[in-house]
Amino acid sequence: MTVLLWNTTTPVLLQESIAALTGASMFALLLAFILTPPVSLFLLWLYRRTILKGMDQEAKLVVEPPPIIQSVAGKKQPLRIKTQPANSIAFPATGIGLAAHLKRSKSQLRLTYLLAGLVFGLAFTIGWQMLVDQQITPLRTLLFIILFSWPVVLAFNQLFAIGWQERVFRIGLYFTLIIVYFLLIRLAGKGMDLLDISILWFILNGIPTVFLAATQIRKIRAVGPLVMGFFTVGITGTMILPSLFLGQDKGMVAGFESAFQINTIFGDWVTDFIGFIVLGLLGWALLIWLGIQYRLKRINDQSLSIDAIFLLFMIPNSLTLVYSGLYWILIGPLAYLGYKLVKQIGYRKFIPPARKDGKVPGLLLLRVFSLGKRSLRLYDALAKQWLHLGTISLIAGPDLVTGLVEPQEFLDFLAGKTSRQFVQDQTDLDARLQRFDHRSDPDGRYRTTEFFCRANTWKMTMKRLGLESDTVLMDLRSFSRTNQGCTFELEQLLNLVPLARILLIIDPTTDHDFLIETLQSLWKNIPPNSENGRLMEPELLIFEATSGTGHEAQTLMRLLLEQPKLKEWPTVEQLT
């Protein structure tokens with residue numbers, strides 16, 4: 001395989017300019033790759049500190065609403081607590097309702113991104129074949145399509161993988177496909193050997209994969225793409241703008257240094273800084289634009305992250321092609337444009353339309369805040385399934401505060417407007433619930449809404465969310481006597497939310513005996529005239545997790561969908 005670095009007709013001056021531009025862009029990506037993790041961690045640390053400080057503060061003039069249920073004398077039936085081990089649950093096959101809608105929605109989104117990714121890869125395939133082989137051959141076309149499908153694998157893992165086992169399986173399947181291709185061409189006596197294919201894979205995918213890793217580290221994944229995009233634009237400005245305006249005219253450079261009475265080295269620093277500021281402002285404008293697009297529901301956190309994957313693979317591969325002629329750099333933007341176009345067509349053709357009545361199931365996620373990373377893993381597994389069906393609400397806490405940062409929240413923090421995110425009083429809470437987003441995004445998924453609460457507003461917020469939600473999932477892993485906030489939440493759930501809509505999660509780290517004791521003690525104080533107090537056979541279901549695998553997350557999802565209200569929930573397909 002021979003790749004001509006330069007088209008023989010390319011002028012020497014143009015060759016030098018292209019080399020400088022390519023080198024500057026690659027260096028900008030490399031430096032952005034190095035800076036993104038530490039800067040993102042620092043910004044998230046500041047963000048977390050600001051949010052937690054706001055949570056510790058008390059809002060002014062908070063008036064607690066009167067009790068929703070007035071207690072009266074009477075008797076109620078004893079509470080039965082049913083603990084269901086994860087490995088003992090079997091579900092009947094179902095072809096209707098929300099379970100079927102979930103399966104169909106994921107399949108349609110999978111098809112959309114598969115077609116969009118293949119168009120992206122096909123554009124680069126044609127470009128590389130014309131560059132390397134000067135013709136298009138079936139076997140080489142198949143090879144390049146497979147190699148350029150690597151971003152699709154990464155996108156699918158981010159979109160659908162529940163647990164590391166599924167990620168490893170999908171990656172293993174991809175590389176197995178490459179080996180099968182190699183064996184087939186070997187049997188035919190044609191093609192490259194496996195080492196050459198491996199080298200070519202690394203040339204096309206190695207650097208973008210490493211760059212992508214800088215933005216997809218779990219701790220910084222929420223803001224990594226935004227930070228890396230800003231640094232890439234800004235650093236490119238330090239390298240390109242000074243050369244563009246001053247570099248070709250030595251007299252202008254000398255005049256600039258003389259006018260400001262600065263030496264050559266310091267002059268270089270000044271011009272680099274000016275370049276960073278100019279394109280940095282452009283990067284900031286881009287972040288603001290993305291925030292506006294997010295608020296208008298034209299993008300969401302998931303589509304932004306997947307777009308960033310394909311963008312990171314587009315840039316280095318475009319710069320590689322440019323050595324054979326300046327016009328070759330257009331292959332990358334055309335490939336990305338084709339990906340975006342097919343994706344938008346797929347959204348319109350394959351994704352189910354939003355319900356006109358706006359009635360979608362809402363899930364309230366409560367948890368022990370000390371779970372840390374385990375909270376984020378549960379949320380990730382739950383969001384990849386539930387958000388195809390409806391919304392998720394939760395009260396912000398230290399466990400998820402940096403893992404669920406939305407673009408608009410991050411921009412508000414950078415602009416010093418974090419305080420407006422907090423619930424201040426009952427009127428403010430009513431207004432937020434009135435504006436609650438029940439609409440789906442273009443990809444058919446719904447959104448998660450975090451409620452940031454002050455020290456004296458979280459209780460009333462939790463009670464209102466419990467009443468407004470269609471189902472409540474409470475993660476009580478690591479629950480113990482120290483978790484007084486969770487005890488309050490359990491009391492409110494038993495008092496306000498029908499037992500059939502509540503599902504608790506425990507595991508070996510839960511103080512099981514204390515939990516049962518707490519539930520029975522709280523049940524004694526439940527008013528007999530409440531909805532749960534009037535039940536003839538009150539029963540509360542507990543899901544007992546063990547391994548925390550993707551299979552358990554899917555079982556948990558099915559348990560939620562088996563709740564009576566959700567089992568009978570009409571889907572958009574049933575209404576049309």
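**Close-up 1. Helix α3 crosses helix α6.** In this predicted model, the axes of helix α3 (residues 138-147) and helix α6 (residues 194-216) come within 10 Å and cross at roughly 50 degrees. That angle makes α3 oblique to α6. The crossing of α3 past α6 is right-handed. To find the contact, look on α3 for L143, F144 and L147, and on α6 for I197, L200, W201, L204 and N205. Sorted by class, these contact residues of α3 and α6 are seven nonpolar and one polar, with no charged residues.

**Close-up 2. Helix α4 packs with helix α6.** Two packed helices are described by the angle between their axes and the distance between the axes. Here, helix α4 (residues 150-160) and α6 pack at about 25 degrees, and their axes are 10 Å apart. Angles under 35 degrees count as roughly parallel, so α4 and α6 are roughly parallel to each other. W150, L154 and Q158 of α4 meet W201, N205, T209, L212 and Q216 of α6 in this contact. What is the division of the contact of α4 with α6 into nonpolar, polar and charged residues? There are four nonpolar, four polar and no charged residues.

**Close-up 3. T457 sits in a loop.** Find T457 in the loop between β5 (448-453) and α15 (458-468). Is T457 buried or exposed? T457 has a relative accessible area of 0%, so it is buried. A polar atom of the T457 side chain lies 3.2 Å from the backbone oxygen of V423.

Note on methods. Residues numbered from 1 in each chain as written. Predicted model: local features only at pLDDT ≥ 70, side-chain atom pairs only at ≥ 80, totals over all residues. Heavy atoms only, no water. Axes fitted to C-alpha atoms, helices over the stretch in contact; angles between N-to-C directions. Helix = DSSP H or I, 4+ residues; strand = E, 2+ residues; numbered from the N terminus. Parallel < 35°, antiparallel > 145°, perpendicular 65-115°, else oblique. Left-handed = near helix turned anticlockwise from the far one by under 90°. Contact = heavy atoms within 4.5 Å. Nonpolar A, V, L, I, M, F, W, Y, C, P; charged D, E, K, R; others polar. Buried < 20%, exposed > 50% of the residue type's maximum accessible area, 1.4 Å probe, protein only. Polar contact = N/O pair within 3.5 Å; in protein donor to acceptor, adjacent residues only side chain to side chain.
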